[in-house]
Amino acid sequence: MGHDHSHNHTNGANKKTLVISFIIITGYMIIEAFGGFITNSLALLSDAGHMLSDSISLGIALIAFTLGAKRANTSKTFGYKRFEILAAVLNGITLILISLYIFYEALQRFKNPPEVASTGMLIIALAGLLVNIVVAWIMLRGSDVEENLNMRGAYLHVISDMLGSIGAVIAALLIMFFGWGWADPLASVIVAALVLRSGFYVTKSGLHVLMEGSPSNVDTDTIIKTIKTFKEVKTVHDFHVWSVTSGLNALSCHIVVDDKMSVAENESLLKKIEHELNHKNIQHVTIQTETSNNHHSERLFCDIKEEKDDHH
């Protein structure tokens, strides 16, 4: 239960950070989009587009935390925690689409660069940079961007946004001092590349969780070795380890033990294994004990189709 409590505490901190970040980013995104239209700067507009995806991602992340906190029930036995991962994937796909659109727009502008009001562009870009630095600092200080995929996705948005603002500042200076009109679409291409990169990362990580892939913070070989270190365990098979959501990893497996072990000894062994696994980032453990007389496959990873055939 101790873990669950700390999980809820970090979620509370994450949620509070998200609310503050969401308000700041959304407010500034409106200003930046308006400024982009007035100054005719694609770099500002693409940065505003990126900020829009930021505020969407923060909004989705907020909904995800709220839904994720809902209790488990008969139709959702793990609760709604997976929504957080769905949100991350949706967020990543949005980023990829936005980046492709910016690439397309920038190509049109390279062909015929329009007039850009560089002073206005510089002021708005500098203010945008400041906003991003503040939000990134709030997120690093108040939330769990290391472990939580949802928070990490939102944080990566803000960081690439910050780099986008730096690009817009440099482009504005180049236009002001050298009259290089192409600096504006070039800055937006750089922003688009950053957006594409973070979009790809978030989508890939989210899909890995949805595909029940092994959690990145768990070494499967070490886990199997840990279970086998107990002298009572003869073999391990039917082994599965996956993430329900960020920071909540689950494991299930069968272990073969001595035929003469009592129920109490079995329970004691399982408690010890569970305790060890908790220290190795596995929060939810389900282990089935079997005797060597039991007819079963010795395979570590089970083939479900084959298992069905075994029962006939």
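Me: Axes here are lines fitted to C-alpha atoms, for helices over the stretch in contact, and angles run from 0 to 180 degrees between N-to-C directions. On that basis, what makes helix 3 roughly antiparallel to helix 6?

Reply: In this predicted model, helix 3 (residues 83-111) and helix 6 pack at an angle of about 160 degrees, their axes lying 7 Å apart. Angles under 35 degrees count as roughly parallel, over 145 as roughly antiparallel, 65 to 115 as roughly perpendicular and the rest as oblique. Helix 3 is therefore roughly antiparallel to helix 6. Helices (H or I, at least four residues) and strands (E, at least two) are DSSP runs, numbered from the N terminus.

Me: Which conventions apply to the model and its numbering?

Reply: Residues are numbered from 1 along each chain as its sequence is written, and side-chain values use heavy atoms, with hydrogens and water left out. As the model is predicted, local features need pLDDT of at least 70 and side-chain atom pairs count only at pLDDT 80 or more, whereas totals for chains, interfaces and linings use all residues.

Me: Why is Ile-23 called exposed?

Reply: Buried means under 20% relative accessible area, exposed over 50%, and partly exposed in between (1.4 Å probe, protein chains only). Ile-23, a residue of helix 1, has 58% relative accessibility and so counts as exposed.

Me: Why is Asn-40 called partly exposed?

Reply: The relative accessible area of Asn-40 is 30%, so this residue is partly exposed. Asn-40 lies in the loop between helix 1 and helix 2, and its phi is near 65 degrees, a positive value in a residue other than glycine. Most residues other than glycine have a negative phi.

Me: How do you know that strand 1 and strand 2 pair?

Reply: Two strands pair if DSSP finds at least two bridges between them. Eight bridges join strand 1 to strand 2 (residues 248-257), and the two run antiparallel; Val-241 stands opposite Leu-251 in strand 2.

Me: Why is strand 1 described as largely enclosed?

Reply: Nine of the eleven residues of strand 1 (residues 235-245) are buried, so the rest of the structure largely encloses this strand.

Me: What makes a set of residues a nonpolar core?

Reply: Such a core is a set of buried Ala, Val, Leu, Ile, Met, Phe, Trp, Tyr and Cys residues joined through side-chain atoms within 4.5 Å. The largest has 32 residues, and Val-135 and Val-158 are among those touching the most other members. Helix 5 supplies the largest share of this core, nine residues. A second, separate core of 20 residues includes Phe-230, Leu-251, Val-257 and Met-261.
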